[in-house]
Amino acid sequence: MKTQQKNAFQCGPNRRRHTFTLALALLTICRLAHGTNSTNRDDHELLKLSLEQLMSMKVTSVSKKEEKLSGTAAAISVITADDIQRSGANNIPDAFRLAPGVDVGRVDAHTWAVGVRGLNDTFSPGLLTLIDGRSIYSPLFSSTFWMAQDVMLEDLSRIEVVRGPGSTLWGANAFNGVINIVSKPADETQGLLVNAGGGSQPAVASSVRWGDKLGDNTFYRIYGKYDQWNDFEAVNGGSANDRWWKMQGGFRLDQKPVAGNEFTLQGDVYHLEANQDMPQVSLSPPGRQTTPAVWSQTGGNILGRWTRTFSDRAELSVQAYYDGERFEVPIINETRHAIDLDIRHQFQLGARQEIVWGGGYRLNMSAFDNTEQVRMLESSQSKSVFNTFVQDQINLVPERLRLTLGSKLEHNDYTGFEVEPGARLAWTPTERQTVWASVSRAVRTPSQFEQGSRMELTMLPSSPPATPATLLVLEGNDRFNSETLIAYEIGYRVQPHARLSLDLNAFVNSYDGLRSKLNQLDPSTLPAYLTVNSTLVNGISGETYGAEIAATWQVRDTWRLSANYSWLEENLRLAPEASSGGAQTARLSAPEQQVMLRSSLNLTPRVDFDLGLRFVGGFSGSGSGLPDDTFSSKVESYFSLDARLAWRVNPNLELSLAGQNLLEEAHREFNPTFLSTVAAQVPRSVFGKVSWRF
Amino acid sequence: MKHGQNNFLRRWLMLISLALASCLPATAEDQTVSESQLKSAFLYNFTKFVEWPNAASEATNAPFTIGVVGDDVFGRRLDEVVRSETVHGHPIVVQRIKRGDSGSDCQILFISRSENGNLESLLKSVAGRPVLTVAETEGSAARGVMVNLLVLKGSLKMEINRAEAQRAQLEIRSDLLKLAKIVTTAK
């Protein structure tokens, strides 16, 4: 969903240096995409114009930055801070629902499945997400633990959703898509902000932020927040026992000691506790029961970034961070530390080429406490990833035709070297439209779990006389290789009118070696029970294809309508050798069709009224796939209506009331996979909030 | 209610037809700029077309300050535009003014749209001081703001409340006045 007016104010081109993030790379595409336009020069040319000439200028409703986005040869949507506030979203994954091509399924109160262009799963494999340049992708399960990822939504600048591989710049695991969550620089979040809210979901959401300056060139903010969610309802009736709470605090400091230099230091710490009924398998007597448990997780990160701007087109940035977490669940306990270093350099080569190149190093250290039920072959490990990349943007016809060639070369300890090249061509026949096409190769590298682990999934009871009790075991495999993707994409973006913008994209993703299971019988545990080992192998290949259409119409200054439609087809096949043991079919799933309509209306300058209607098509295939899992079946299609009314009583005080999923009591969005926990339904909810700032 | 739905449908039909029309290549190649870019350029021009009392006589190391209060629509743009520019030898600096702080030490005070509800108290805080107040919401010149920059149908309209400027001892040159609609404070 590309919003116009608001972005024009929030994404000025010179903010680039502030909002920096690893998305420097994205910005590179963006700014390069617009050929020889130099923002500084434009500004200074403007200063030379007479007043009369200035008066005759036409004002666009999109900023320069956004124009650059519109010229980018990739399927990008920007969700602005305003969109997020007005949608009533209380957490990051729910905010992703505003972008086309993304499917968000809330599994229970604290678990989300987020997929871009299909292949969705509870653990969101193949989607790389960064918060201010810090990867939140966990190498344990190739996943993102969404409940642990949070920011103060009021201090968010925007969320950039890139559909399709971003591997040339971001590397492995930017497979089906990349999401960049970008917070505001500290000088834009000055003063005190207090939010207090409550309702049926979340039960409590409260936060405090204080921003101030330390001298002329240094700004900072600190924040703290506490959220608490009520239990969802189980599909079977009764409570899903999944209530949870989280507290988080953090800071950001931005300093510009001398012109052309910027320094950012930021960090967060959090602790959360989530109720979850965990499956527990017992060998004697054979059986499986679900035990109430608490998922407890603590973590923190600190990031420093230095950017040196040499000229309008040349910039060097160095970024380093530490990220750590510890989580404890009865069957899974892990401590993880990551250290990451990233360097990027961008410069102009001759009149028509712009180069961005760089490299990085990441060290992942983890210690896993093996339990009876889940074991890692290497319980304590330390793995390195090295990468280097180069990208060249060639302006074939200045401001009209641009070719971008680039590749990442990466080395990881599981699969060795990985090459991720890409080529993108963008044609901008007029300033208001862009046609683009791209081909790129991406990989998803194996997770620690996929490379070597053993997990007892369930014990099926015996049915005498023929069938003994059967233990199902899921095993990783050190021959498990990277999943590969070649993506073919085309897109057309047009602004037929100052108040209307349209974005059309289509893609074919051709996959090889997607994860599947190979089942083998192990009779050695008889007569007590029979063991079936499901080994993870690269058994699925095939294509997905689809399209997304998004439109934004600023009907009046006070009223904006936006709509998007996403369509997706999967045609995935099991390799014959992989199905010999009776392996599973395609593992992953997503709705074929999604529609979203939103209306953002300012009833008066002080009152906002927003409505959002979503249709999400039904799909099958989510769920653990276990024979005793009654919820592996279809997830039915659903309609969902969200509404929000906000009243700014005075400049310091805002009251808002938001309702979500208003059309029905509750609906199911996604079934638990992998860990077959309780299947829950997302309830109708109402939430009220008071925001006080001064 | 019924009427609202019809209206809604009609809007959507319009959207679809616009979408179809958009398949034709756009022909208009207007000279366009972003709103924040244009407003930045105007703020800079005000430094040349408005006379501040004692501007020439003060020590040149004192900065000429453009204050921005409320949601910052300019980002870094304004800072970039005025960087290394001067007014009678005074370097121009941009200052973000926090809510509650006074903008009375500024020479120009830009009151962002987000502060519309707070306009009167902001104006009161600079009353009597030689501060050129600039706003961007309809009707604000009639509420006592000296210059109002409005974007209507894609182009900029300027309203000037000359009496308020004179009361603050600011002289607005005729080059600027002739491009603006002159407004007086509504009683």
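Select strand β14 (residues 261–282) and strand β15 (residues 287–311) of chain A: 22 bridges join the two, and they run antiparallel. Strands (E, at least two residues) and helices (H or I, at least four) are DSSP runs, numbered from the N terminus. Two strands pair if DSSP finds at least two bridges between them.

Before moving on, note that this is a predicted model, in which local features need pLDDT of at least 70 and side-chain atom pairs count only at pLDDT 80 or more, while totals for chains, interfaces and linings use all residues. Residues are numbered from 1 along each chain as its sequence is written, and chains are lettered from A and ligands numbered from 1 in the order in which they are written.

Pick A:Q276. Opposite it, in β15(A), is A:A293.

**Chain A as a whole**

Zoom out. Chain A has 10 helices and 36 strands. Of its 694 residues, 53% count as buried. Buried means that 20 or more other C-beta atoms lie within 10 Å of the residue's own; exposed means 12 or fewer, and partly exposed is in between, with C-beta atoms placed from the backbone.

**A mixed sheet**

Select β2, β7, β8, β5 and β6 of chain A. These 5 strands form an open sheet in the order β2-β7-β8-β5-β6, with mixed pairing. Its edge strands are β2 (75–80) and β6 (134–135), each pairing on one side only. β2(A) pairs with strand β7 (residues 156–163) in the antiparallel sense over 6 bridges. Within that pair, A:I79 stands opposite A:I159.

**Into the core**

Stay on A:I79. It is among the residues with the most contacts inside the largest nonpolar core, which has 78 residues; A:F96 and A:V161 are also among them. Such a core is a set of buried Ala, Val, Leu, Ile, Met, Phe, Trp, Tyr and Cys residues joined through C-beta atoms within 7 Å. Click A:V161: leaving aside neighbours within four places in sequence, its contacts include A:I76, A:I79, A:F96 and A:I179. Contact means that the C-beta atoms, placed from the backbone, lie within 7 Å. Apart from this core lies another, of 45 residues, including B:A41 and B:Y44.

**A three-stranded sheet**

Select β12, β35 and β34 of chain A. They form an open antiparallel sheet in that order. β12 (233–234) and β34 (666–667) stand at the edges with a single partner strand each, so one side of each is left without a neighbour in the sheet. β12(A) meets strand β35 (residues 680–683) over 2 bridges. A:E233 stands opposite A:Q681 there.

**Backbone exceptions**

Most residues other than glycine have a negative phi, and most peptide bonds are trans. Check A:N241, whose phi is near 45°. It is in the loop between β12 and β13 (244–255) of chain A. A:N241 counts as partly exposed because it has 19 C-beta neighbours inside 10 Å. Next, A:N661 has phi near 55°. A:N661 is buried, with 22 other C-beta atoms within 10 Å.

Then go to the cis peptide bond from A:Q201 to A:P202, with omega near -15°. A:P202 lies in the loop between β9 (191–199) and β10 (204–213). A further cis bond runs from A:L526 to A:P527, with omega near 5°.

**Last stop: chain B**

Select B:A142, in the loop between β7 (132–135) and β8 (147–152) of chain B. It touches B:V183, B:T185 and B:A186, not counting residues up to four places away in sequence.

How values were computed. Two residues are in contact if their C-beta atoms, placed from the backbone, lie within 7 Å.
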